[in-house]
Amino acid sequence: MKKIFPVYLRVPIIFFAVFLAMEYFIDSGDRPAFVKYPMISVFLVVFLFLLIAIELVVAAVDNVTYHLLTDEQRKQLEEANEIKITDSKLFQKIKKWFVKESQPIETESDILLSHDYDGIKELDNDLPPWWTKLFYACIVFSFIYLAKYHIFGHDDQAKEFETEMAEAKLAVEEYKKTAKDLIDAETVTLLTDAGDIAAGKAVFEANCVACHRPDAGGAIGPNLTDDHWILGGGIKNVFHTITEGGRDGKGMVAWKGTLKPSEIQQVASYVLSLQGSNPKDPKPAEGEIWVEENAPKAADTKTEEAKTVAQN
Ligand code: HEC
């Protein structure tokens, strides 16, 4: 023992084994046991202390006994210490279980098979024991497998995959409900809830009024209440413009570094709620009249015309 595990390995190994056993057997929920129960930490420290103390005592006793030995006994002890672990009986037994010495070259003719192909001959060696044992283990395993999955109908991989996918899908849906900031310009939807519009208004007043005016009638930035859009109307385009900014050098910065996607969605929805609010002295319309793609075209253009007429 002493030879295989010198003291600098023995102490950590024993300590770690005890530590793992405690973690394994003591139910401490999602926190490690030694964090949850301070007594365990105390115990571990005392245990480590004892381990080291025992090692010290054993070493001291060994030392003393060595000095008390006669020369004859010392020789014996040194010889005993020189025996290698590979010479021990247990080791030999375990080794035999896995490997078999090959036939000595002198007696090879005993197991030589009779055939001879252009001088190439074959020895009838036994298969290595580790190989045959593994083979038998596979056969036993196959019966267990067969019984478990094909007789008792335990879930197979396909079934496990389906259940896990179903669970994951639920988890994703659950997550999406709470993660409002997963939206982008493709998935964004127009918010109409009064609370969201009010939140959007607050964002607008804090960040946008300097250029778009408190009533969004336009100053440095364009009028946001008319149906003309430079960069495209509709929630998706407006969300995109606010997130990524306007054309270079025009003054409209990208707000994605400042505002969260959920806030951009709110302010975009607020801006769109101001459509047709006709503020006083608006900035002249810029850009194109925006027609919602999936809206019925004819009806829409008519109302657009009506609005333009009304504005002029
Ligand atoms: C520094 C001035 C400034 C600030 C602050 C500003 N904008 Fe702008 N905004 C502009 C300018 C200038 C444009 C025109 C960009 C262009 O022509 O490419 C613009 C364009 C827009 C457009 C597109 C209009 C169109 O016709 O397509 C929207 C929507 C918009 N801003 C919303 C906002 C919102 C919401 C905020 C606050 C989070 C904001 N802006 C803050 C200057 C500003």
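Modeller: Let us begin with a term: helices (H or I, at least four residues) and strands (E, at least two) are DSSP runs, numbered from the N terminus. Over residues 38–61 the chain is 100% helix and 0% strand, with end C-alpha atoms 35 Å apart. This is a predicted model, in which local features need pLDDT of at least 70 and side-chain atom pairs count only at pLDDT 80 or more, while totals for chains, interfaces and linings use all residues. Residues are numbered from 1 along each chain as its sequence is written.

Colleague: Where does UniProt place the feature "transmembrane region"?

Modeller: The unreviewed UniProt entry puts "transmembrane region" at residues 6–26, 38–61 and 130–147; UniProt positions follow the numbering used here, feature names are shortened, and annotations may be inferred rather than shown by experiment. Residues 6–26 are 90% helix and 0% strand, and their end C-alpha atoms are 30 Å apart. The same record lists a "coiled-coil region" at residues 158–185, a span that is 75% helix and 0% strand, with 36 Å between its end C-alpha atoms.

Colleague: At what angle do the axes of helix α1 and helix α3 cross?

Modeller: Two packed helices are described by the angle between their axes and the distance between the axes. Here axes are lines fitted to C-alpha atoms, for helices over the stretch in contact, and angles run from 0 to 180 degrees between N-to-C directions. The axes of α1 (residues 7–25) and α3 (residues 38–68) come within 11 Å and cross at roughly 155 degrees. That makes α1 roughly antiparallel to α3, given that angles under 35 degrees count as roughly parallel, over 145 as roughly antiparallel, 65 to 115 as roughly perpendicular and the rest as oblique. For α10 and α11, the axes come within 9 Å and cross at roughly 125 degrees, and these two helices are therefore oblique to each other.

Colleague: Which residues come nearest to the ligand?

Modeller: A residue is near a molecule if its C-beta atom, placed from the backbone, lies within 6 Å of it. Of the 25 residues around the ligand, Cys208, Cys211, Gly221, Gly246 and Met252 come nearest. Helices α8 (194–207), α9 (209–212), α10 (234–244) and α11 (261–273) each supply at least two residues of the shell. UniProt, again in an unreviewed entry, places "domain: Cytochrome c" at residues 195–275, a span that is 51% helix and 2% strand, with end C-alpha atoms 18 Å apart.
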